[in-house]
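Take a look at the sequence and the model below. This briefing covers some paired strands and a site taken from a database record.

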Amino acid sequence: MGRSFDEELQYLERKTDYCWTIKKGFVPNMQVEGAFYVNSHLEKLMLEELRNSCRGGIGGFLPGVKQIANVAALPGIVKNSIGLPDVHSGYGFAIGNMAAFDMDDPESIVSPGGVGFDINCGVRLIRTNLDETDVTPVKEQLCQSLFDHIPVGVGSKGVIPMQAKDLNEALEMGVDWSLREGYAWAEDKEHCEEYGRLLQADPSKVSAKAKKRGLPQLGTLGAGNHYAEIQVVDEIFDKHAANKMGIDHKGQVCVMVHCGSRGLGHQVATDALVAMEKAMARDKIIVNDRQLACAHIKSAEGQDYLKGMFAAGNYAWVNRSSMTFLTRQAFGKVFNCPPDDLDMQLIYDVSHNIAKVEEHMVNGKQKTLLVHRKGSTRAFPPHHPLIPVDYQLTGQPVLIGGTMGTCSYVLTGTQHGMDTTFGTTCHGAGRALSRAKSRRNLDYQEVLDKLAEKGISIRVASPKLVMEEAPESYKDVTEVVNTCHEAGISKKAIKLRPIAVIKG
């Protein structure tokens, strides 16, 4: 028999208004404590999920609190397993869960469940010198132009010409490939996390099957929660940070693109999970949940996965670069001028599904860590050497995509976040209803009518996705962002509201 909800609660302790601790013993073998960030409203969702699981009614995945704790039991983890305010159940790690592993500890592991199947899923934000008043008269035209230029939907094929040789180069070079081929502007590279290229990538560690899936999909949005959205600056919280990003007034028009590595990344993760099951048996690695399949970082399987995962990460950057190219084309066509004249500069591009080697202070000592961020975003503070010169005084821009028809945010990284969450913050709203439940509970036409009432144009390839991605299916992104702001792990800079959205 499992423990009752009241017994489970004995292991949870509210440390501050915005942070809870999960004590050792909550699940077996915990090496460190867990922690999760919530406000009073999000806390109810978190505890309700745990209560339901104690009654035996949660379905496929463990509750988020349990998943955070199971990650805290993985070999080599340091400090805490951390859940961000948008945390919800996922495969292995919860989505919105980050954890760091000591690279000098031979027992330390890498786990595909801590990166996710959509490797380097991420967000980029492109500013323009257009105002809402410039766009309103041509909004439907612009939305259609984006929909025509960017291939969307489950099996969508890319329009960027690609041979096998090109794909291998893109996997190795990331944004440098896009630059060479003329699909990116020189300034774009400077404004990508990792400058849009993970140098340890090795295309030979990506299987033929993964490459076959990736070859036709470059420059495609795919489906699910991915989108390209035309947004308007709704509020500026930090004028100085906004100015550094080229945002100077309310009503300024931006474009946000949210997508990842498509079928290629999914296959890289699937292949690695199969190899790691065997490695765990050989190396006698014990985990609390089979979905946390992992391998020692230094093992052949661990190294193969990392090199393949970095290659898939590079693919995702090329994918977002290609879509930025197509977005610039779409705008240029409608406004009948070169995208240059519209000042369509990239503000920043962040990953929220990746594991990376980083330097951090742990108990007063500098350590080299493998930081897994799944459904969570890097948020480095001012003066960090890895962020662009433009943002040295403000901290790294952090892009938080809202749900379809709700606002999005730009945050900046803080030193407090660096000290407490390894420079990590939330990534979006986080699901509140499963996809199946959303389809059962929501009506397609009703969702579209609500968007129309808010003045949001939409183009969508698959109607059923409209229900899955409706705002009601998600937590409130403002609550999530405010929690991170109040907890001091990131700082609000800009709020954006959508006026047009294209989706798979």
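Strand β12 (residues 353–362) runs antiparallel to β13, and ten bridges join them. The model is predicted.

**Strands around β13**
- β12 and β13 form a hairpin. Two residues lie between the strands.
- N363 sits in that turn and has a positive phi of about 50°.
- β13 (residues 365–374) also pairs with strand β5 (residues 95–102). That pairing is antiparallel too, over six bridges.
- R373 in β13 is the bridge partner of I354. R373 is also the bridge partner of M98.

**The annotated site**
- Which residues carry the feature "binding site" in UniProt? The unreviewed entry places it at C121, H258 and H352.
- These residues span 232 residues in sequence. Yet no two of their C-alpha atoms are more than 10.3 Å apart, so they gather at one spot.

**H258**
- H258 is found in strand β9 (residues 252–259).
- Is H258 buried or exposed? Its relative accessible area is 7%, under the 20% cut-off, so H258 counts as buried.

**H352**
- H352 is found in the loop between β11 (346–351) and β12.
- H352 is buried, at 2% relative accessibility.
- H352 touches C121 and H258, which carry the annotation as well.

Terms used: Residues numbered from 1 in each chain as written. Predicted model: local features only at pLDDT ≥ 70, side-chain atom pairs only at ≥ 80, totals over all residues. Heavy atoms only, no water. Pairing = 2+ DSSP bridges. Helix = DSSP H or I, 4+ residues; strand = E, 2+ residues; numbered from the N terminus. UniProt positions renumbered as here; feature names shortened; annotations may be inferred. Buried < 20%, exposed > 50% of the residue type's maximum accessible area, 1.4 Å probe, protein only. Contact = heavy atoms within 4.5 Å. Lists of a residue's contacts leave out its neighbours within four places in sequence.
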